[in-house]
Amino acid sequence: MSWQPRGRVVVVTGASSGIGEATARRLARAGMTVVAVARREERLHALADEHPSIRPYAADVRDTAAIDELAAWVDRELGVCHALVNNAGVGGGPFTGRDDLDDVLRTIDVNLLGTIRCTAAFADLLERSAPSRVINVASVAGKLGIGPAGYTASKFGVVGLSESLGFAWAARGITVTQLNPGFIETEGFPQEQIKRGPMGRLVGQPEDVADAILAALTSGTPERTVPRWYRGFVAFRHVAAPAYRRVASGMDRARGSRD
Ligand SMILES: NC(=O)c1ccc[n+]([C@@H]2O[C@H](COP(=O)([O-])OP(=O)(O)OC[C@H]3O[C@@H](n4cnc5c(N)ncnc54)[C@H](OP(=O)(O)O)[C@@H]3O)[C@@H](O)[C@H]2O)c1
């Protein structure tokens with residue numbers, strides 16, 4: 001069934017920079033009312049000043065009570081929620097042992113548990129607003145075991161969550177998309193190391209992902225990779241796992257950890 005964005009309500013987390021900020025702008029231009037969520041309130045207000053249909057809301061996705069209150073606020077203020085874009089996320093350092101435990105737990109708390117908290121808080125409103133969409137911004141790192149272990153684990157979790165809920169929530173009129181970006185140049189992920197290497201030309205921009213999110217909202221596709229050519233790596237990993245592991249371990253040694 002075709003799903004038109006114009007006139008619909010969407011909540012975008014992590015909207016104060018990078019992919020989330022570009023997505024909030026893109027969806028507002030497409031005629032949606034956008035609830036823009038992040039911790040840096042002044043950034044959200046600056047974004048809202050650009051577009052009258054962007055509504056800023058400061059919240060931390062690690063705070064269950066705050067996210068429940070966000071969902072209650074959207075219900076009170078707007079009465080519907082047609083789409084939730086779970087995009088808030090952080091990178092992480094390498095996992096070498098006990099010294100890195102707090103970093104790994106924080107990464108999983110924001111990236112995976114934050115996605116689960118928001119999805120839980122909005123589930124009933126999404127069902128009442130059906131047909132509706134959940135777009136989970138995972139990562140190519142959620143399909144391939146390259147990158148810092150905590151980050152990769154969090155994104156494998158988001159991919160698994162999306163796939164499972166995609167089946168389970170179809171009957172409720174809610175589609176769930178795993179949206180997997182490759183290397184994208186943003187504030188949190190400047191990609192300095194990649195940009196200096198042979199893959200530098202292939203680093204994408206937040207607007208590429210914003211366009212893919214709009215396309216995924218419209219189509220309800222269960223999975224989308226952006227830039228699209230990264231799908232080749234994912235296919236390679238599944239059809240030729242031993243060869244893939246040799247290539248990936250060489251890349252990991254050459255690159256160190258993902259920035
Ligand atoms: N850039 C890439 O190469 C790439 C590739 C694959 C996937 N991704 C994913 O894309 C998503 C967006 O990342 P980005 O590249 O756009 O990075 P970014 O520019 O650093 O944006 C991250 C956003 O998440 C928000 N955020 C972080 N912690 C939060 C928290 N506890 N509660 C609420 N919001 C929080 C930040 O806002 P505040 O600090 O204001 O809270 C910010 O708006 C992430 O999930 C990331 O894993 C990125």
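What volume does the largest pocket have? The largest pocket has a volume of about 680 Å³. The ligand takes up the space of this pocket. The model is predicted, so to speak of local features a pLDDT of at least 70 is needed, side-chain atom pairs count only at pLDDT 80 or more, and totals for chains, interfaces and linings use all residues. Residues are numbered from 1 along each chain as its sequence is written, and side-chain values use heavy atoms, with hydrogens and water left out.

**The largest pocket**

- A pocket is an open set of points on a 1 Å grid over the protein atoms alone, with protein on both sides within 12 Å along at least five of seven lines.
- A volume is the space filled by probe spheres set on the points, which are joined across faces, edges and corners.
- A molecule sits in a pocket if more than half of its atoms lie within 2 Å of the grid points.
- The pocket is lined by 35 residues, and Asn87, Ala88, Gly89, Val90 and Phe189 are the closest to its centre.
- Lining residues have an atom within 4 Å of a point.
- Helix 1 gives the most to this lining, with three residues.
- Helices (H or I, at least four residues) and strands (E, at least two) are DSSP runs, numbered from the N terminus.
- The lining has 14 nonpolar, 15 polar and six charged residues.
- Asp, Glu, Lys and Arg count as charged; Ala, Val, Leu, Ile, Met, Phe, Trp, Tyr, Cys and Pro as nonpolar; the others, Gly among them, as polar.

**Around the ligand**

- There are 33 residues around the ligand, and Ile19, Arg39, Tyr151, Thr186 and Gln191 come nearest.
- Here, near means that a heavy atom of the residue lies within 4 Å.
- This shell has 15 nonpolar, eleven polar and seven charged residues.
- Ser17 places a polar side-chain atom 2.8 Å from an oxygen atom of the ligand.
- Ile184 has a backbone N or O atom 2.8 Å from a ligand oxygen atom.
- For Gly18, a backbone N or O atom lies 3.5 Å from an oxygen atom of the ligand.
- The protein covers 97% of the 880 Å² of accessible area that the ligand has on its own.
- Accessible areas come from the Shrake-Rupley method with a 1.4 Å probe.

- A cavity is a set of points where a 1.4 Å probe fits but cannot get out.
- The structure holds two cavities of 30 Å³ or more.

Terms used:
Polar contact = N/O pair within 3.5 Å; in protein donor to acceptor, adjacent residues only side chain to side chain.
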